[in-house]
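Let's take a walk through this fold, one piece at a time. Keep the structure open beside you as you read.

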Amino acid sequence: TRLHSQTECHLPGFYMIRSDKNTNDSTSGGSAILLQNNWDAIPIPSLTESQNGFESVGVIAASPGCKPIKLMCIYNHPQHHIPQHLFNEFSNTTCNNKNIYGFIGGDLNCPHEAFGSRFTNVYGTYLFNYVNAANLYVIDNQEPTTFHRGEPNILDLFICEPNSIPLVQRCFVGESIGSDHLPLIIHIKLNSSHTNHCRQFTRKIFENEEFKQ
């Protein structure tokens, strides 16, 4: 996005919790979470940051009749490692001192072949190593989400803790919305306790030659 403080954005039936881009240049930045008007939500200040090159927003939200979940949306600028402190804070976020389900989503700009990207760079390697060390899951869709300058790649990801995997019904890439990024969509079933077969990233090593073949 290019979400600045001067940018007005409204969607009927939803309200927005946002973290605006903090520089005045023309580059991308900013993130937001939109929730239906009948959802309850509490912003998480420790997950909402608009400084130091990070734009993230976090909430604990609950739809009517369902248990609360935690959500974080993040835009990570290119040439930046993922903000590990925000991911750590997300993992430590509870509700009434109880662990809850949660999902992180956004444009992370951290390509790695293990996530389906066409190449790996140092930022992807950093994310790869952190995901393994923190026992997080990258929901695996294997479809390009960006066609920057005509080159397909996967930069948009959903990440969660192991306890949230049973909620996932499917993860897929939607149709064009007029951007060089396609929408990455995840369907979850709240209050679900069944075990599904959604592909998920759990590898501790990456077999580079096998991937190329």
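A disulfide here is a pair of cysteine sulfur atoms within 2.5 Å. By that test, this structure holds zero disulfides. Bear in mind that you're looking at a predicted model.

Now zoom out. The protein chain has three helices and 14 strands. Of its 213 residues, 47% count as buried. The chain exposes about 11300 Å², with carbon and sulfur atoms supplying 51% of that area. If you take the contacts with a separation of 6 or more, residues 24 or more positions apart account for 60% of them.

What does strand 6 pair with? One partner is strand 5 (residues 54-62), which runs antiparallel to strand 6 and is joined to it by eight bridges. Val57, for instance, has Cys73 in strand 6 as its bridge partner. The two strands form a hairpin with six residues between them, and Gly65 in the turn has a positive phi of about 80°. Another partner is strand 7 (residues 102-107), which is parallel to strand 6 and joined to it by six bridges. Here Lys70 has Gly102 in strand 7 as its bridge partner. To get from strand 6 to strand 7, the chain passes through helix 1 (residues 84-92), and this β-α-β crossover is right-handed.

Next, the interior. In soluble globular proteins, nonpolar side chains tend to be buried together. The largest nonpolar core in this model has 27 residues, and Phe87, Leu108, Leu127 and Ile159 touch the most other members. Strand 5, strand 6, helix 1, helix 2 (122-133) and strand 11 (156-160) are the elements that give two or more residues to this core. Helix 2 gives the most, with five residues. Click on Ile159 and, leaving aside its neighbours within four places in sequence, you'll find it in contact with Phe87, Phe103, Ile104, Leu108, Leu127, Leu136, Tyr137 and Val138. There is also a second, separate core of 24 residues, which includes Cys73, Ile139, Leu182 and Leu184.

Most residues other than glycine have a negative phi. Gln79, in the loop between strand 6 and helix 1, has a positive phi near 65°. With a relative accessible area of 60%, Gln79 is exposed. Asn135 also has a positive phi, about 55°, although it is not a glycine. You'll find Asn135 in the loop between helix 2 and strand 8 (137-139). Its relative accessibility is 41%, so Asn135 counts as partly exposed.

Definitions and conventions: Residues are numbered from 1 along each chain as its sequence is written. This is a predicted model: local features need pLDDT of at least 70, side-chain atom pairs count only at pLDDT 80 or more; totals for chains, interfaces and linings use all residues. Side-chain values use heavy atoms; hydrogens and water are left out. Two strands pair if DSSP finds at least two bridges between them. Helices (H or I, at least four residues) and strands (E, at least two) are DSSP runs, numbered from the N terminus. A crossover is right-handed if, with the strands pointing away from the viewer, the path from the first strand over the helix to the second runs clockwise. A nonpolar core is a set of buried Ala, Val, Leu, Ile, Met, Phe, Trp, Tyr and Cys residues joined through side-chain atoms within 4.5 Å. Buried means under 20% relative accessible area, exposed over 50%, partly exposed in between (1.4 Å probe, protein chains only). Contact means heavy atoms within 4.5 Å. Accessible areas come from the Shrake-Rupley method with a 1.4 Å probe; for residues, only the protein chains shown count as cover.
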